[in-house]
Amino acid sequence: MSRTNTGSDDGSGSDDIPSIARRVIAPFVDRSVAERLLISVAAILLSIIVGFAIVLVSGRVAQCSTAAWTMPLTGIGFCYDPVEVYLVLFNGALGYPFAVGEPGLIDPAWTPFNLSLGLTLSETTLLIFTGLSVAVAFRAGLFNIGTQGQLVVGGLATALTVLAAAPLLPAGPVAGVALIVAGVLAGAVGGGFWGAIPGALKAYTDANEVITTIMLNFIAANVAYVLVLEVFRAEGSSVVATEYVPEYAQFLPWLFPQSSDFALLALVVGIGFIAGLYYLVEHTSFGYDLRTSGVQAAAAEYGGVNAKATTVRAMTLSGAIGGVGGAVWVLMSQGRWMASVPALGFDGITVSILAGNNPLGVLPAAFLFGILKGGALEIGFRTDVPTELVGVLRGLIILFVAMPEFFRMIGRYAGLGSRGPSGPETSGSGGTGPADDAAAVEGGETDA
């Protein structure tokens with residue numbers, strides 16, 4: 001979200017929100033963690049009910065020789081079985097641990113180290129980094145849509161660094177560790193540099209970060225494409241891609257199948273980033289500056305925070321995490337940089353919103369997103385349901401779960417909550433000045 005003051009003289013934007021919208025948004029603002037979790041579960045169930053109906057309608061319209069599901073009592077047949085669709089969606093993403101229709105609940109032949117769960121966790125791992133990248137910017141009151149470009153730049157920097165350094169070191173485990181560390185650092189530097197550009201433009205020219213990050217996404221993708229096509233393309237390659245980095249310099253898929261493109265070590269690194277970022281944002285002076293700027297820029301300035309420097313630092317950190325995501329994509333999933341980079345940066349926006357912009361919420365949000373993507377692949381393999389319809393079902397679940405958090409985020413930034421800039425906890429005996437805003441952040445504003 002851009003830190004622009006569109007509210008009244010007290011720094012709050014709540015007066016600009018129509019009363020009807022205020023009544024809709026306000027109930028979502030001050031919910032406890034348990035209440036928000038309950039709302040998310042209810043949202044998933046509601047999305048399944050709506051999706052169930054959509055699958056039925058689509059199955060009735062579609063042409064088929066034999067009905068896949070018959071409605072009880074009525075005898076009406078449908079080409080798609082909505083029960084099977086959702087069973088495959090959630091059960092299939094985990095490798096079918098639940099023995100549906102069998103006496104036992106858990107399939108005794110199931111192992112967690114299967115291909116389907118590996119693919120789900122691979123997606124989860126990558127989305128952890130892009131979700132954290134977006135969350136950092138959100139907490140600073142900035143809307144970083146440029147994580148995709150930062151991931152592209154970071155991934156290319158990683159591939160080129162590892163390929164350049166590999167001939168200088170003897171092949172082996174020690175060299176592999178050194179190359180992985182160097183590659184991840186190169187990805188962080190590349191992504192951080194690409195994130196610092198819109199941060200500096202925002203801080204010193206007041207350029208809207210939404211516009212600049214969108215434009216930089218296109219620039220990153222096209223510059224990287226031309227560089228690889230003309231300079232760094234693998235000899236004899238039919239696609240625009242670099243050479244493969246040495247296998248010993250990749251995150252290897254221990255325990256899981258090679259084709260799963262998943263490494264437990266990369267997931268552990270991602271969880272470490274979650275813990276580190278949570279501590280940085282919630283328990284350091286930099287985190288305080290970042291959160292204060294995100295809640296109310298005027299309060300940050302009043303409290304002695306260098307808002308311009310904080311903006312640049314926040315976007316640099318956001319870009320660096322996105323760049324690390326690109327490094328993991330190269331070293332874990334592909335083994336090289338390719339022009340066909342998946343839209344992980346844009347998916348990270350959804351993950352961050354699902355997580356309430358809280359680093360601790362990114363892991364379950366990324367896992368849910370990974371389940372939906374992995375389950376969608378299973379539906380395509382095991383049912384006749386069109387991929388477009390599967391996309392609708394995924395989108396419904398994400399929409400229903402994200403909207404309460406989206407309303408909560410809007411309400412908090414507009415000052416509707418009790419801990420927002422104009423809420424009771426900040427206004428005290430009537431004061432709504434910058435000092436009250438800063439006190440609100442210091443006293444308990446820990447999740448945006």
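Some ground rules. The model is predicted, so local features need pLDDT of at least 70 and side-chain atom pairs count only at pLDDT 80 or more, while totals for chains, interfaces and linings use all residues. Residues are numbered from 1 along each chain as its sequence is written, and side-chain values use heavy atoms, with hydrogens and water left out.

Start with the whole protein. Its secondary structure comes to 16 helices and 2 strands. Both are DSSP runs numbered from the N terminus: helices are H or I with at least four residues, strands are E with at least two. The protein has 448 residues, and 51% of them are buried. Buried means under 20% relative accessible area, exposed means over 50%, and partly exposed is in between, with a 1.4 Å probe and protein chains only. Now contacts, meaning heavy atoms within 4.5 Å. Take those with a separation of 6 or more: 73% are between residues 24 or more positions apart.

Next, helix packing. Two packed helices are described by the angle between their axes and the distance between the axes. Axes are lines fitted to C-alpha atoms, for helices over the stretch in contact, and angles run from 0 to 180 degrees between N-to-C directions.

First pair: helix 4, residues 115-139, and helix 8, residues 264-283. They pack at about 15°, with axes 9 Å apart. Helix 4 and helix 8 are therefore roughly parallel; the cut-off for that is an angle under 35 degrees. The crossing is left-handed, which is to say the near helix is turned anticlockwise from the far one by less than a right angle. Helix 4 brings residues including Ile 128, Phe 129 and Leu 132. Helix 8 brings, among them, Gly 270, Phe 273 and Leu 277. By class, this contact has 11 nonpolar, 2 polar and 2 charged residues. Ala, Val, Leu, Ile, Met, Phe, Trp, Tyr, Cys and Pro count as nonpolar, Asp, Glu, Lys and Arg as charged, and the others, Gly among them, as polar.

Look at the glycines in the contact: helix 5 has Gly 149 and Gly 154, and helix 6 has several, including Gly 183, Gly 187 and Gly 191. The count is 8 nonpolar, 10 polar and no charged residues.

Now backbone angles. Most residues other than glycine have a negative phi. Leu 73 has a positive one, near 75°. Leu 73 sits in the loop between strand 1 (69-70) and strand 2 (77-78), and is exposed at 92% relative accessible area. Tyr 96 is also positive, near 60°. Its loop runs between helix 3 (82-93) and helix 4. Tyr 96 is partly exposed, at 21%.

Ser 47 is in helix 2, residues 33-61, and is buried at 0%. Thr 310 belongs to helix 11, residues 307-334. Thr 310 is buried too, at 2%. Beyond four places in sequence, Thr 310 touches Asp 289, Leu 290, Ser 293 and Val 305.

Methods. Parallel < 35°, antiparallel > 145°, perpendicular 65-115°, else oblique.
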